[in-house]
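Q: Hi! I'm new to reading structures, could you walk me through this one?
A: Happy to, just ask as we go.

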Amino acid sequence: MSGEPGTPVGRPGTAAPRGGGTHGGGDTQGSGTQGNRTRSSRIKSTRTKSTRIKSTRIKSRRAKNTAPSPRQDRFGTVAHHVLLRWSVLVLAVGVWEAVARAHGSVYFPPPGRIARHAYDLWFSGPARHAFLTSAAVDDILPSLGRMAAGFAVAAVAGIVLGLAVGRSRRAYALCNPVLQFARAVPPPALVPVFVVIFSFGTPMQIASIVFSAVWPVLINTAAGARNTDPLRLDVAAVLRLNTAERLWFVVLPSALPRIFAGLRLSLSLSLILMVFSELLPGTENGIGFTLTDAQTRSDLLTVWAALVLLGALGHLLNTGLLAVEKRLIGRGKAL
Amino acid sequence: MSTMSTAGRTTRHMLRLSAVGQHYGDHQVLHDLTLTVPAGQLLCVVGPSGCGKSTLLRTIAGLLPTREGTVEIDGTPVTGVPDRLAVVFQDYGRSLLPWLTVRDNVALPLRRQGLGRAERRAEADRILERVGLTGTARRHPWQLSGGMQQRVAIARALVCRPTLLLMDEPFGSLDAQTREDLEDLLLEVHHTDDTTIVFVTHDIDESVYVGDRVVALSAAPAARIVLDLPVDLPGTRDQIATRGLPEFVALRARVGRAVRGQTT
């Protein structure tokens, strides 16, 4: 009854093919099904995590005067978890450092030198500029600004359009093939189109980010809105909520987990497109510009520093988004 | 007040079904149902599971368009969800919105009435107190027990002062003690507000204990009314004493036989 026939087309394709590069750090680009599996299992793990956090919150609220031992236990496991999580990274960097030093290649400088170079280049500025150097202000901030603008527009447009498409069966049926097609085009391939339309510069860069980042949010929001519990829609009807109230109080919160799944994909796409659009000629600043500029000067140290910076930025942004998600969905959501 | 309708009160019918039928594709669910419910009556609808009780309720609520026959509430044919109608669903875990606090859940229907935020909150708190949930306003539904969650759902149904209250197996998933408490809460609400209530249940004991009148539906397909029985029990009911009355036992037996398809 709830119109499932469309989902076999819509559902598996929504996020999976792009799933590989999702999570900032070092995820490998998986094939379609693999990406799908890792994504769904990841969602499952964040869900259990958020419910776990929720239950501890309740417990601590209810039993304030009990002995703190279970919480200490929990702290112990958290510390253990953190140790496990970072030990591989630390080990990898250590091996990299040792091998790079032993080999002494100019192409592969040791991470210590890269870090020092990055510090000198960007983070050794005066305290009143938050320790940013003028190079950082000139290159990192414009990049981040363009990315933030592109991501924000993509997120808002994706959620609004996704809700519209997802709540109307006809709109979904009409738009789905187009969406699947638009989603299937590799985003960087669209950049030349925007170069022609906007020529080089910030509008082109922002447009590239928006038009690649909007699809995952849109498709996931539509799927989430479509799968709103029919009983909740009955409740909305019985309470005689108007369209706006129904969307705000029932459909949007129901779709929120899917929306955030889309937002995480869009965030990593925004980062990719931010760099890619800055690699093109006509760019005057940005991290991508620093990268190509250093490459033409054979300044390998700066190239590596920019790469590390991008990795760190991707990780930070993703962590920030996860924190927002946890706050919004963890609050009173019985997933 | 809750005893069977007297001659004077039958003049006003809160609910009138005339030859109502519903089917999903080829599957006939309801067949030729005709039923009138006087204002202020608590009508229990019993029947074997899957016989179309929920379909009947959804039809009355205007959630399903009527395919055959007509449904009138207070003289007006039902086309969409009518005003001043409230529904309590069985699955409180899904019918309450987990992302809203208890108070916001209860206050949600009041937005329709154009009340200010403070008024909505005050009204929600008042009704929460009435259903025995003082002090839970700022918690979330999932922080409460099942019985308390269903009380929240009842509060949300009552907050708009409905003239017709529909309940779809509301206590079906609660434990015996909680269920009895809520049955008595329902009777208390019914006595004070004089609301017309259609109460769907598969529990025969419950239907006789709670109802002014019990209607039994036959098994699927094409459920029909096989028994329409006034419940002549004392107006004030008591979980222990009422259930021990010989009249109660006799009524229960009649309803039980009807539901099992035996002629009475």
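Q: What do strand 1 of chain B and strand 2 of chain B form, and how many residues are between them?
A: Strand 1 and strand 2 of chain B make a hairpin, and two residues sit between them. In the turn, B:Gly25 has a positive phi of about 60°. Strands here are DSSP runs of E with at least two residues, helices are runs of H or I with at least four, and both are numbered from the N terminus. Before we go on: this is a predicted model, where local features need pLDDT of at least 70 and side-chain atom pairs count only at pLDDT 80 or more, while totals for chains, interfaces and linings use all residues. Residues are numbered from 1 along each chain as its sequence is written, and chains are lettered from A and ligands numbered from 1 in the order in which they are written.

Q: Do those two strands run parallel or antiparallel?
A: Antiparallel: strand 1 (residues 13-24) and strand 2 (residues 27-38) of chain B are joined by eight bridges. Two strands pair if DSSP finds at least two bridges between them.

Q: Which way does strand 4 of chain B run against strand 1 of chain B?
A: Those two are antiparallel as well, with five bridges joining strand 1 to strand 4 (residues 68-73) of chain B. Here B:Leu17 has B:Val71 in strand 4 of chain B as its bridge partner.

Q: What's the strand order in the open sheet of chain B?
A: The six strands go 6-7-8-3-9-10, with mixed pairing. At the edges are strand 6 (85-88) and strand 10 (225-230) of chain B, each pairing on one side only. From one strand to the next the twist averages 15°.

Q: How many bridges join strand 6 of chain B to strand 7 of chain B?
A: Four, and strand 6 and strand 7 (residues 164-168) of chain B run parallel. B:Val88 is bridged to B:Met167 in strand 7 of chain B. Helix 5 (residues 146-158) of chain B packs on the sheet there, touching strand 6 and strand 7, and its direction makes about 175° with that of strand 6 of chain B. For such angles, axes are lines fitted to C-alpha atoms (for helices over the stretch in contact), and the angles run from 0 to 180 degrees between N-to-C directions.

Q: And which strands does helix 9 of chain B lie across?
A: Helix 9 (residues 246-259) of chain B lies across strand 3, strand 9 (213-217) and strand 10, running at about 170° to strand 10 of chain B.

Q: Let's pick one residue. Why does B:Val45 count as buried?
A: B:Val45 counts as buried because it has 28 C-beta neighbours inside 10 Å. The cut-offs are 20 or more other C-beta atoms within 10 Å for buried, 12 or fewer for exposed, and partly exposed in between, with C-beta atoms placed from the backbone. You'll find B:Val45 in strand 3 (residues 42-46) of chain B. Leaving out residues up to four places away in sequence, B:Val45 touches B:Lys53, B:Leu56, B:Val198, B:Val200, B:Val215 and B:Leu217. Contact means that two C-beta atoms, placed from the backbone, lie within 7 Å.

Q: Switching to chain A: how many helices and strands does it have?
A: Chain A has twelve helices and zero strands. Of its 335 residues, 34% count as buried.

Q: How do helix 5 and helix 8 of chain A cross?
A: The axes of helix 5 (residues 134-167) and helix 8 (residues 202-226) of chain A come within 6 Å and cross at roughly 35°. By class, their contact has 21 nonpolar, eight polar and three charged residues. Nonpolar covers Ala, Val, Leu, Ile, Met, Phe, Trp, Tyr, Cys and Pro; charged covers Asp, Glu, Lys and Arg; the others, Gly among them, are polar.

Q: Last one: how many residues of chain A are in contact with chain B?
A: 18 residues of chain A are in contact with 19 residues of chain B. Helix 9 (230-238) and helix 10 (243-279) of chain A each give two or more residues to that side. The largest share, six residues, comes from helix 9 of chain A. By class, the side of chain A that touches chain B has ten nonpolar, one polar and seven charged residues.
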